[in-house]
Amino acid sequence: MESEGYKVVFEKDSVFLHTSAKRHQDQDSLIPGVIRIVEKGSDTVLQWTPVEEAGDAPQIVFSKKDLSGNTTEEVLFDPGYEPDWAVISTVGTRPRVQDEPPVPVAPPSSPRGQWAFSISLSELKSIRKSRPGLGWSYLIFITKDGVSLQALHFHRGGTKALLRALCKYLILATSPKDSRLYLVYTHDSYALSHSFDELQLFDDNSSNLVSRFLQDPYTAAFGGFSKVTNFFRGALHHEDGTAQRALGDPSAGLEDEPGFEVITCENSWLRGAVPANGLPWQMGVRLQVQLGERPVVQREPPVTELEWEQHLDPEGRVTDVDRLRRRIFAGGLSTGLRKDVWKYLLGYYSWDNTSEENRSHVRRKTDEYFRMKLQWKSVSEEQEQRNSLLRGYRSLIERDVSRTDRNNKFYEGSENPGLVLLNDVLMTYCMYNFDLGYVQGMSDLLSPVLYVTQNEVDAFWCFSGFMDLVHQNFEESQESMKRQLAQLTQLLRLLDPLLCDFLDSKESGTLCFCFRWLLIWFKREFAFTDVLQLWEVLWTGLPCPCFHLLVACGILDSEREALMNSGFGFNEILKHINELTMKMNMNDILCRAEALYRQLAATPELLRPVQELLGLGAGASPSHSASSDPASSPQPLSPGQAPELDLADSIPPSQPDSSIEILPTEDPSPCQSPSP
C-alpha cells in the first residue's frame with residue numbers, strides 16, 4: 001500500500017495495547033491497533049496506530065509522533081540505606097500517556113489516538129519478546145535513548161512475521177545473556193563490528209558490574225548495585241550457555257503462534273509436573289488454576305510469660321509443643337520470652353530436655369565454643385601473614401561489623417562491647433564451618449540474635465542453628481537462591497498471573513529485586529523490632545518450610561496496585577521496591593502471607609511440586625498449618641564450598657578478648673534500627 005510518499009511493506013492487525021491493571025480486563029482496557037513497517041523516502045519507520053475495533057479493516061491515517069521530547073536525563077536516586085545494598089541508584093524517567101476513556105473512533109487527535117507511536121528503525125536499540133506461557137505473545141521495542149515503548153500484544157499471532165520483515169532493514173542478534181532480548185544493529189559493517197566488540201563487556205574476564213553480578217551476585221549486590229543504570233535491564237535476564245547468534249531467521253526459538261504460545265515449564269523443579277489429579281495439562285492453552293476466595297486472617301496476641309510457664313512441667317520440659325509452636329506462629333513472642341524461647345526454636349535447647357539437662361548442655365557447648373575461639377585468637381601476626389584465608393575473613397568481618405545496625409543503641413559507638421562480640425562470634429563461626437567461612441550478609445543474621453540473647457556463647461549456637469536453615473543462601477554455587485527465586489516466581493504466577501505478566505512485560509519477571517529479601521530473610525526490609533517477630537514466626541516451620549516465599553508474595557500483593565497502576569518501567573519498579581524499606585506493616589504482610597497459603601491449600605488442582613513446596617502432601621489439609629511434624633519444619637541443609645574472597649593485604653589489629661561477657665539488659669522496647 002502506498003500513499004503520499006509512504007510505502008507499507010508490512011502490516012498486521014489485532015495488535016493490542018493493554019492499558020488496565022485490573023485482574024479481569026474488560027474490553028475498554030484493550031486498545032486494538034495495527035502495526036506497520038513503512039518506507040518513507042530514505043527512512044523506514046515502525047508504526048502502531050489504534051483502530052476502532054479489533055475486527056475492522058485497518059484503514060487509518062498515518063501520523064508520525066515526535067520522540068525527541070522523550071529523552072530524559074537520569075536523576076540520582078538515594079535508596080535511603082547502605083548503598084551497597086541498593087539495587088539501583090540512578091533511575092531514568094520518561095513521559096507517559098495517561099489512560100483515557102476509549103472513544104468510538106481513533107483519529108490522531110482523540111484520546112485513544114494518543115497511544116499511537118512511530119519510530120525510525122535507526123533509533124531502535126533492542127527488542128524483547130515475551131516468555132513462553134505468558135498468554136498473548138508480545139514485543140517490547142526499546143530505543144537508543146533507553147525508552148521502552150508500550151508492550152504490543154499480538155492476539156492473533158504475528159511476532160515471527162514482524163521480526164522476519166524487520167530483518168530486511170536490520171540485523172537482529174540474540175543477547176549472549178538473554179535469549180529473549182534481540183540486539184538491533186544496522187547493516188553498516190563498521191557499526192556492526194564496533195557493536196559486537198562492545199559485547200565483550202559480557203565476557204567472563206570483564207570487570208563490568210552486570211557481568212560480575214551474573215557470576216557472583218553476593219559481591220556485586222553488596223558492593224556495586226548502587227552504580228547500576230539503565231544498562232542493567234539489558235543483561236540481567238540471563239540464561240547460562242546462551243551463545244550469541246545472528247538472526248538469519250528471526251523466528252528461531254519462537255513457537256508458531258495461535259494467539260497463545262505453547263506452554264513450557266522453564267523451572268527445572270516443575271519440569272514434567274502434573275496436577276494432583278494425575279491428568280496432564282493440555283498444551284497450547286494457558287495454564288489457569290482456579291483459586292478460591294482468599295480468607296481473612298487476623299494475628300493473635302503474642303505468647304506471654306504466664307502462657308509459657310503453663311507449657312513447662314515441674315522439671316522444666318516443654319509440654320504440648322505442637323500447640324505452642326502454633327501460638328508462636330500466630331502471634332509471636334512477648335519481648336521477655338525471646339531470650340529463652342529462641343534457644344528452643346533454633347535447636348540450641350531441646351524441647352524434651354529438663355532444665356538441668358539444658359544447663360549441662362550449655363556447659364558442654366560453652367567449652368566447645370571457647371576451644372574454637374582459641375584457634376583463631378592464638379594465631380600470631382606472623383602466622384596470619386601466611387594465612388590469606390583467615391586474613392580475608394578477618395578483614396571482611398571487621399568491615400561488615402563496623403556498619404551493621406549502628407543506629408541501634410545496642411551497637412552504637414566506637415567502643416561498644418556489642419561490636420566486639422559480633423566480631424568474635426563471626427570469626428569463631430569460620431572455625432566452626434570451614435567450608436562456608438564468612439560471607440557478606442551473615443552479620444545481618446547474627447545481629448538480632450546477639451541483641452536478644454546478650455550472651456556470646458548463646459548467640460553463637462543460636463546463630464549456628466539459624467545458619468543450618470539458611471546457609472545454602474550463601475554458598476558459592478548460588479543454586480539455592482536461583483531455586484528460591486524460581487519457586488517464588490511460580491507461586492506468584494499461581495496467585496496473580498496478571499501481576500506476573502505485567503512484571504515480565506517490564507523486564508522484571510525474574511524478580512531480581514527479591515534477591516535481598518530471600519538472602520537474609522527480610523532483615524533490611526522491616527524495622528528491627530518487626531524482624532524479631534518475623535523471624536520467630538518463620539522459625540516455627542509453619543505452615544510450611546517455604547513460608548518466607550509467601551511473605552515475599554504478600555509484599556508484592558500489598559504493592560500490586562501501586563506497581564501496575566502507575567505505569568512503572570524497569571527502573572521505576574526497582575526504585576519503588578527499594579523505597580519500601582522500613583515502611584511496611586509487618587503484621588499486615590504476615591496476614592497476607594498466611595491468607596495466601598490458605599487460599600493455595602484449599603485449591604485441589606495444584607501441581608505436585610507446588611504441593612510439596614507448600615507441605616500439602618497426601619493427607620495434608622489447610623489445617624496442616626497447625627502441625628509441628630518435623631517434616632514441616634525447616635531442615636538443616638548440606639554444607640557448601642567456601643566462597644572466593646577479596647583478600648586484604650594488611651593485618652588488622654587484634655581485638656580484645658570478649659570472653660563470655662554478659663551485656664547490660666536493654667530497655668524492653670528496642671530502638672528501631674534502619675539499615676546503616
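**Ground rules.** I am working with a predicted model, where local features need pLDDT of at least 70, side-chain atom pairs count only at pLDDT 80 or more, and totals for chains, interfaces and linings use all residues. I count residues from 1 along each chain as its sequence is written, and side-chain values use heavy atoms, with hydrogens and water left out.

**Entry: Thr 453.** I found Thr 453 in helix α12, which covers residues 442-453. Helices here are DSSP runs (H or I, at least four residues), numbered from the N terminus. Is Thr 453 buried or exposed? Thr 453 is buried, at a relative accessible area of 0%. My cut-offs are under 20% relative accessible area for buried, over 50% for exposed and partly exposed in between, with a 1.4 Å probe and protein chains only. I then looked up its partners, leaving aside neighbours within four places in sequence: Thr 453 is in contact with Lys 339, Asp 458, Ala 459 and Cys 462. Contact means heavy atoms within 4.5 Å.

**Entry: Asp 405.** Asp 405 counts as buried because its relative accessibility is 1%.

**Entry: Leu 511.** I noted a positive phi for Leu 511, near 55°, and this residue is not glycine. Leu 511 belongs to the loop between α15 (497-505) and α16 (515-519). With 2% relative accessibility, Leu 511 counts as buried.

**Entry: Pro 543.** Which peptide bond is cis here? I found that the bond from Leu 542 to Pro 543 is cis, with omega near -5°. Pro 543 lies in the loop between α17 (528-539) and α18 (547-558).

Notes: Helix = DSSP H or I, 4+ residues; strand = E, 2+ residues; numbered from the N terminus.
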